[in-house]
Amino acid sequence: MDAFLTGAAEVLAPTTLLYMLMGSIAGIIAAAIPGFTVTMAIVLTLPLTFAMEPLTGISVMLSVYVGGYTGGLISAALLGIPGTPSAVATTFDAFPMARKGEPGRALSLGVWASFFGTIISTIVLIIAAPPLAIFAVKLGPWEYFALIVFALTIVASLVGHSLERGLIAAMIGLAISTIGTDPMMGRPRFDFGLEILAAGLPFLVVLIGIFAISQLISEVEDANAIKKGEKLIEGEIDFKTWAVMREVLMRPVNLLRSSIVGVLIGALPGAGGSIANLVAYDQAKRSSKTPEKFGEGIADGVVASEAGNSATAGGGLIPLIALGIPGSAVDAILMASLMVHGISVGPRLIMDNADLVYGMFLAMAVSSLIMLVVCVLSMRAFLRVAEVLKWVVVPAVLTCCVVGSFALNNRVTDLYLLGFVGLLGYALRALDYPLAPLVLGVILGPIAETNLRRALMTDPDWTLFLTRPVSLLFLVAATASVAWAVRTHLNRRAVDLTGKDPT
């Protein structure tokens, strides 16, 4: 209790709260700009915390962290462009909802789901950090590969109306992920002797090109609409905060399930919010009584995706606090911040610095509350984006995309790749190919390849994938997932042909 009170006194100090407020605003704004990720915002914040007390500095960085996970929602809902990789699934329903004239509801649903997802993950973090962390670090490359195989089966839920086109898009994504340097041997591959491909296609460049550039090109197809001064989103610029809060709470199973998915995936080193975002959305769709409405602007899709990605913030701290193992790049930066202040990160962190750990728990909850207040108070300002004419917003967003892509590695060649990938995304969109499976392939391809090769290098016996219990569990789940998807697809085709549901 003394350690908790000591930590609470520092976190709740007026100066710390002011810094956390500034950090939350910075995180939200940075994540709302396509290309400026949460990781970039955290990196820029780190030097500013060196002169602060350890807990104050960590609290500021956590506020940027939490705010960043929510900020990606803004561009996802209003522009159809995920501000961060962890907001990919949010675009599936938030943007259609905004296009239907409910941009305020789309934003409010995401903000409240993010708030509750962070709170739930913080509660789980406090209760279950040591046992979950011990479980997470016992997983080997066999379990990680099986997990990624299970995650890849999500493609079946994201294929849209054509299973064949969805699978082709996923294969294109997997092929893109193999271009560049071999992750294990460091040798060049599939670069065709072109220097521009030697370093591969950076994931963020692919993400921005596929979603942002293709979407912006689609918006300016109709020259007459641009000349008439058409808006990006038509509809009432209004939001009902408390009504939407009740709407989110009326979905307790979806909210809790998505948050738990986010916590569990966040606790796995190397997974992160982008995978949790898609897995939570997939599970919500599979459990829904009306899965055909997903992708058309259903509230369950927004709640699942945002609760899932925000809950990874608490989940990622589980292995960091309990065992000193960062779960993501952001967690690694948080660990570096502690080490700069001379704090040893590892199993003894809780025993030697109990006030710091309890303060971090409280800072997570306070950060989520600050994020909620900032978003609610600035919601009307965010919604003004919907009132901006297309001929103004398209070049402005395009400029942000270009700057964000260049800032990633400071390479001009990335801009050429951005243009090429954007044209590819536009062509696929025009041919009615779903873009989500392609992005999923780019995200999961390198992780699957690395863990498969690592497992076989450790022990060439492939039967270990079936004899290790957790790996087998994931593979069985993947098989069941594929079977369910095929059955659903066949039923849908039967309905299209006969007009009757065979079930």
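In this predicted model, the axes of helix 2 and helix 17 (residues 354–383) come within 9 Å and cross at roughly 55 degrees. Helix 2 is therefore oblique to helix 17, and the crossing of the two is right-handed.

Helix 2 spans residues 14–32 and includes Tyr 19. With a relative accessibility of 32%, Tyr 19 counts as partly exposed. Together with Leu 18, Leu 21, Met 22, Ile 25 and Ile 29, Tyr 19 makes a nonpolar surface patch of about 520 Å².

Attention now turns to the charged side chains. The structure holds twelve salt bridges, counted with a cut-off of 4 Å between nitrogen and carboxyl oxygen. One of them joins Arg 189 and Glu 449, with an N to O distance of 2.6 Å. This pair connects distant parts of the chain, since Arg 189 lies in strand 2 (residues 188–189) and Glu 449 in helix 20 (residues 436–458), 260 residues apart. Both Arg 189 and Glu 449 are buried.

A further set of charged residues, Glu 102, Arg 105, Glu 247, Arg 251 and Asp 300, is linked in a network of salt bridges. Within this group, Arg 251 meets Asp 300 at 2.9 Å, N to O. Here too the pair links distant parts of the chain: Asp 300 belongs to helix 14 (residues 299–323), whereas Arg 251 sits in the loop between helix 11 (241–249) and helix 12 (252–266), 49 residues apart. Arg 251 also forms a salt bridge with Glu 247, their closest N and O atoms being 3.9 Å apart. Glu 247 is buried because its relative accessible area is 17%, under the 20% limit; Arg 251, at 22%, counts as partly exposed.

Conventions
Residues numbered from 1 in each chain as written. Predicted model: local features only at pLDDT ≥ 70, side-chain atom pairs only at ≥ 80, totals over all residues. Heavy atoms only, no water. Patch = residues over 30% accessible without salt bridge, like charges linked within 9 Å, V, L, I, M, F, W, Y side chains within 5 Å. Areas by Shrake-Rupley, 256 points an atom, 1.4 Å probe, with all protein chains shown as cover. Helix = DSSP H or I, 4+ residues; strand = E, 2+ residues; numbered from the N terminus. Buried < 20%, exposed > 50% of the residue type's maximum accessible area, 1.4 Å probe, protein only. Axes fitted to C-alpha atoms, helices over the stretch in contact; angles between N-to-C directions. Parallel < 35°, antiparallel > 145°, perpendicular 65-115°, else oblique. Left-handed = near helix turned anticlockwise from the far one by under 90°.
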